[in-house]
Amino acid sequence: MADWIPDLARSDKPRYLAIADLIGEDIRAGRLAVGDRLPPQRKLAARLDIDFTTVARGYVEAQKRGLVESRVGQGTFVTGTPRPKTRAASAPKPGTVDLSMNLPPEPDDPALIERMQDGLAEVARDLVALLRYQGFGGTAADKDAASAWLGRRALVPAQERIFVTPGAHPALLGIFGLLARPGDVILCEAITYPGVRAIAAQLGVKLFGLPMDLDGIDPDAFATACREMAPKALYLNPTLQNPTTLTIPEERREAIAKVARRFGVPIVEDDAYGFVPPHGPAPLAAIAPDLTWHIAGLAKCIGAGLRAAYVVAPEARAGYPFASALRTANVMASPLTTALATRWIEDGTADTLLRFIRSETAARQALASAILPKGSFRADPLSFNLWIELPAPWTRSAFVGHMRSTGIGVVASDAFTATGPAIEAVRVCLGGPATRAQIRSALDFMAHALEESPEVVSSVM
């Protein structure tokens with residue numbers, strides 16, 4: 001029903017709310033039926049002589065209420081009556097699109113979900129044993145699975161250098177605590193992962209961000225910082241870096257390793273996204289194994305709730321104090337979680353999940369490329385997020401506030417800035433529980449904002 005035109009004079013509410021209300025009224029009155037296609041947003045805006053943003057917000061509000069859905073490349077369609085309200089305290093607000101968390105897309109294929117459940121059921125057969133205390137670092141079977149998984153990244157460390165840990169964050173906390181004392185300097189990217197900022201702050205360690213280009217940190221600036229600051233380590237997130245999405249090419253990795261070796265600076269390689277590209281550059285732990293602490297978390301390549309990570313120490317002796325530090329803080333990785341990760345690696349479920357994540361991520365990035373203005377963001381076809389350096393006169397606070405007004409959560413660059421003033425930029429994530437339709441609606445709204453000034457979009461009622 002492409003000729004549907006709401007009578008906005010029937011409502012004294014803000015126009016975007018009136019559009020959503022009238023969609024609901026016309027569904028109940030039979031003037032709109034399930035499956036009807038609503039007019040394209042720009043066409044309806046022209047018919048009503050109102051701003052596109054108002055119509056976009058109205059459609060987003062209608063989708064929040066369960067009245068419509070957006071289908072990629074087809075349009076917006078009526079889905080039926082409003083969703084019943086849930087009483088679950090933990091349930092998110094219906095229709096809210098949280099694009100603030102950098103998560104892999106969640107699987108929706110029934111066959112894959114059944115396969116995952118089968119693995120969990122198989123692990124649960126030995127549930128009583130998995131509720132006992134176990135030695136830190138993982139069982140022999142867990143380390144065998146870790147070795148097989150790390151082998152996909154051309155890493156073949158001896159088992160005594162491999163530790164199964166309860167996630168990347170505890171591993172980073174333990175490694176930083178071993179390498180640095182309060183007041184010491186650890187180097188990182190100028191724009192870096194916010195979790196490492198929190199860890200450094202907790203330990204009283206000073207983070208210093210190195211200047212970057214499109215290939216990562218500047219090796220000459222790294223060398224200068226080594227001479228002037230005597231850093232205790234270099235932290236890098238070298239593949240699909242969060243938040244800029246860049247991947248350090250192999251030639252730059254070798255140059256970085258060369259500087260680190262010259263000054264004897266350990267490298268802490270947070271390889272959270274290293275398994276996502278099917279043919280990414282060799283990890284720094286393969287280029288400089290004697291200098292590098294390698295952290296291969298499973299949260300980004302299998303699922304965020306799977307709190308497990310495989311840590312490769314530079315040498316077996318370095319692992320002893322590391323194991324002691326993590327044992328003090330965490331006792332052990334959860335045997336149940338670790339057993340599930342081992343099972344999924346052994347039976348191929350982990351690889352199937354990874355293939356799904358790659359495919360769905362590429363589809364969502366294709367959406368962003370088709371919807372957002374050309375050149376308005378940085379991304380990789382396999383990154384879970386976009387990095388948007390905002391056009392003037394947008395500021396990051398104004399843009400974040402404008403997105404939040406419609407229930408879209410994004411993160412300002414302040415969270416990622418290690419050194420110096422934050423630039424006018426935001427991170428927009430495309431994964432997690434959000435559907436493609438929800439992401440498409442959010443990107444449509446975002447595209448219009450990027451094409452207009454804050455004054456224009458904020459004046460719309």
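**View 1. What lines the largest pocket, class by class**. The lining has 14 nonpolar, eight polar and four charged residues; Ala, Val, Leu, Ile, Met, Phe, Trp, Tyr, Cys and Pro count as nonpolar, Asp, Glu, Lys and Arg as charged, and the others, Gly among them, as polar. Of its 26 lining residues, Asn102, His169, Tyr193, Asn242 and Lys300 lie nearest the centre. A pocket here is an open set of points on a 1 Å grid over the protein atoms alone, where a 1.4 Å probe fits, with protein on both sides within 12 Å along at least five of seven lines; lining residues have an atom within 4 Å of a point.

This is a predicted model, in which local features need pLDDT of at least 70 and side-chain atom pairs pLDDT 80 or more, while totals for chains, interfaces and linings use all residues. Residues are numbered from 1 along each chain as its sequence is written, and side-chain values use heavy atoms, without hydrogens and water.

**View 2. Methionine 446 and its contacts**. Look past its neighbours within four places in sequence, and methionine 446 is in contact (heavy atoms within 4.5 Å) with Leu99, Leu372, Ile388, Phe399, Met403, Ile408, Val410 and Val428.

**View 3. Helix 1, tucked in**. The buried residues of helix 1 pack against helix 3, strand 1 (68–71) and strand 2 (75–78).

Terms used. Buried < 20%, exposed > 50% of the residue type's maximum accessible area, 1.4 Å probe, protein only. Helix = DSSP H or I, 4+ residues; strand = E, 2+ residues; numbered from the N terminus.
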